[in-house]
Amino acid sequence: MSEHARELVKANNLQDVVEVIEGSMEDITLPEKVDVIISEWMGYFLLRESMFDSVISARDRWLKPTGVMYPSHARMWMAPIRSGLVDQKKSDYEGSMNDWLCFVNETKNYYGVDMSVLTKPFSEEQRKYYLQTSLWNNLHPHQVVGTAAIIKEIDCLTATVDDICEVRSNFSSSILIENTRLCGFGGWFDVHFRGRSDNPAQKEIELTTAPSIDSSTHWGQQVFLLHPPFRTSEGDDVNVSFLMNRSKENHRLMEVDLGCEIRQSSGKLLPLIKNKFYIE
């Protein structure tokens with residue numbers, strides 16, 4: 001990319017204005033501190049890949065006290081959704097387990113080798129893959145069945161790595177559609193280009209990855225499916241506890257603990273649901 005950038009600079013006669021410096025942000029040395037840091041660091045559901053760490057390092061080392069960050073702010077959102085994917089993934093999991101059981105029976109009958117001791121770890125592996133791994137998806141706005149909530153706000157000028165290593169939120173959402181299925185939750189983000197309070201942008205710009213009919217983005221949305229889904233109605237309240245940490249095996253991937261409790265409009269409280277998800 002740096003080679004291409006240099007060619008573009010030269011082709012546009014800007015070699016006396018623009019200098020391309022190649023290297024890891026954690027390792028390079030700049031000739032002076034800078035007025036602006038602009039970076040596209042956002043991963044799926046904002047924080048996957050943990051690329052913001054390098055931006056924080058660049059800010060702390062090289063941004064002037066009066067400097068600005070672009071994007072300057074970010075927010076993470078979640079909302080209850082309905083999706084046919086919940087049935088598809090359950091069917092895929094059951095089909096995989098049926099294939100395994102056929103394999104176990106055939107291996108024992110034809111070769112006298114009992115593979116059944118591996119059924120439990122195989123089931124756990126398939127459950128993680130089909131039922132517990134969040135999905136990239138372009139949700140239609142009609143699939144959002146309840147109010148959306150902000151679960152994390154980030155000021156890029158002041159955030160630390162510790163601030164983003166863990167995302168914890170307790171939020172509530174009201175179901176807006178009568179007689180529908182709560183199939184899971186959709187997560188997305190937006191970022192803002194608004195400068196800083198003492199040096200605001202002349203015009204604030206927002207980049208959103210929210211569900212849209214005709215403005216889908218590279219990031220899409222992350223979908224966390226509930227197995228089984230629940231039948232809900234307008235006026236029901238969904239209380240959610242959300243915790244996202246970096247994976248111990250790979251800090252660029254995420255693990256999510258999600259619990260939800262449904263209080264129906266009649267006042268009846270459905271049992272607490274707890275789920276483990278992986279953003280991979």
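The legends below describe close-up views of aromatic rings and an annotated span in a predicted model.

**View 1. The stacked rings of tryptophan 100 and phenylalanine 122.** In this predicted model the count comes to 10 aromatic pairs. In one of them, the rings of tryptophan 100 and phenylalanine 122 have their centres 4.5 Å apart and their planes at 15°, so the pair is stacked, since planes under 30 degrees apart count as such. This pair links distant parts of the chain, with tryptophan 100 in helix α3 (residues 85-111) and phenylalanine 122 in helix α4 (residues 119-132), 22 residues apart. Tryptophan 100 has a relative accessibility of 11% and therefore counts as buried.

**View 2. The edge-to-face rings of phenylalanine 189 and tryptophan 219.** These two residues form an aromatic pair with 5.6 Å from centre to centre and 80° between the planes.

View 3. One aromatic cluster is formed by Phe45, Phe224, Phe242 and Phe277. In a separate detail, lysine 128 lies over the face of tyrosine 278, at 4.3 Å from the ring centre.

**View 4. The span annotated in UniProt at residues 94-260.** An unreviewed UniProt entry places the feature "domain: Protein arginine N-methyltransferase" at these residues. In the model, the end C-alpha atoms of residues 94-260 lie 25 Å apart, and the span is 22% helix and 45% strand.

Methods: Residues are numbered from 1 along each chain as its sequence is written. This is a predicted model: local features need pLDDT of at least 70, side-chain atom pairs count only at pLDDT 80 or more; totals for chains, interfaces and linings use all residues. Side-chain values use heavy atoms; hydrogens and water are left out. Rings of Phe, Tyr and Trp (its six-membered ring) pair if their centres lie within 6.5 Å; planes under 30 degrees apart count as stacked, over 60 as edge-to-face and the rest as tilted. Helices (H or I, at least four residues) and strands (E, at least two) are DSSP runs, numbered from the N terminus. Buried means under 20% relative accessible area, exposed over 50%, partly exposed in between (1.4 Å probe, protein chains only). A charge sits over a ring if NZ of Lys or CZ of Arg is within 6 Å of the ring centre and within 35 degrees of the ring normal. UniProt positions are given in the numbering used here, feature names are shortened, and annotations may be inferred rather than shown by experiment.
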